[in-house]
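The sequence and the structure are shown first, and the description follows.

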Amino acid sequence: MTKREYIIELIRLTKLQAEALEKEEVEEFIGLLDKRQEVLEQIQTLHEQYPETMEQHEEELVNELKALDAKNQIEFERQFEAVKEKLREVRQMKAREACYGNPYDIAREEGMFFDKRGPR
């Protein structure tokens, strides 16, 4: 593959990442990050073998890639903050439940006793 083809592949993967973020599919997003990393490594290898200046069409593709990636980064951070807030709320609810729970309600934690000997 040429460097241009690798950059086009990066753009395709970045667009798929945006779709994964829209659907809030974190695992899919992370899988795509791994694939992007592989492509970036291929580009780096290619660049080391054939160092050259970037042509105009490649520069335009790289700029498009940077813009898409910046949008994905902002959306990912927004979703990450939302998850952190939900986790904080769950922790607060657990703390409240511990404060207001009945400490004498042992039956729900320890089970119940059944007398199997029958009536006396």
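A contact means heavy atoms within 4.5 Å. Among contacts in the protein between residues at least 6 apart in sequence, 75% join residues at least 24 apart. The model discussed here is predicted.

**Overall architecture**

The protein contains four helices and zero strands, and from the N terminus on its elements follow the order α-α-α-α. Of its 120 residues, 19% count as buried. The accessible surface amounts to about 10,100 Å², and carbon and sulfur atoms account for 54% of that area.

In soluble globular proteins, nonpolar side chains tend to be buried together. Here the largest nonpolar core comprises 16 residues, and those with the most contacts inside it are Tyr-6, Ile-7, Leu-10, Ile-11, Val-39 and Ile-43. Helix H1 (3-22), helix H2 and helix H3 each supply at least two residues of this core. H1 gives the most to it, with seven residues.

Tyr-6, one of the core residues with the most contacts, touches Met-1, Val-39, Gln-42, Ile-43 and Leu-46 when residues up to four places away in sequence are not counted. Two of these partners, Val-39 and Ile-43, are also named among the core residues with the most contacts.

**Aromatic pairs**

A search of the whole structure finds two aromatic pairs. Phe-29 and Phe-76 form a stacked pair, with 5.0 Å centre to centre and 15° between the planes. This pair links distant parts of the chain: Phe-29 lies in helix H2 (residues 26-49) and Phe-76 in helix H3 (residues 56-100), 47 residues apart.

The rings of Phe-76 and Phe-80 have their centres 6.4 Å apart and their planes at 15°. Why does this pair count as stacked? Planes under 30 degrees apart count as stacked, so the angle of 15° places Phe-76 and Phe-80 in that class. Both residues lie in helix H3, four residues apart, about one turn of the helix. Phe-29, Phe-76 and Phe-80 form one aromatic cluster.

| Residue | Relative accessible area | Class |
|---|---|---|
| Phe-29 | 6% | buried |
| Phe-76 | 30% | partly exposed |
| Phe-80 | 45% | partly exposed |

Because buried means under 20% relative accessible area, Phe-29 at 6% falls within that class, whereas Phe-76 at 30% is partly exposed.

**A buried glutamine and a surface patch**

Not counting residues up to four places away in sequence, Gln-17 touches Phe-29, Leu-32, Leu-33, Arg-36 and Asn-72.

With a relative accessible area of 38%, Leu-33 is partly exposed. Together with Val-26 and Ile-30, Leu-33 makes a nonpolar surface patch of about 230 Å².

Technical notes
Residues are numbered from 1 along each chain as its sequence is written. This is a predicted model: local features need pLDDT of at least 70, side-chain atom pairs count only at pLDDT 80 or more; totals for chains, interfaces and linings use all residues. Side-chain values use heavy atoms; hydrogens and water are left out. Rings of Phe, Tyr and Trp (its six-membered ring) pair if their centres lie within 6.5 Å; planes under 30 degrees apart count as stacked, over 60 as edge-to-face and the rest as tilted. Buried means under 20% relative accessible area, exposed over 50%, partly exposed in between (1.4 Å probe, protein chains only). Patches are made of residues with over 30% relative accessible area and no salt bridge: like charges are joined within 9 Å, nonpolar side chains (Val, Leu, Ile, Met, Phe, Trp, Tyr) within 5 Å. Accessible areas come from the Shrake-Rupley method with a 1.4 Å probe; for residues, only the protein chains shown count as cover. A salt bridge is a side-chain nitrogen of Lys or Arg within 4 Å of a carboxyl oxygen of Asp or Glu. A nonpolar core is a set of buried Ala, Val, Leu, Ile, Met, Phe, Trp, Tyr and Cys residues joined through side-chain atoms within 4.5 Å.
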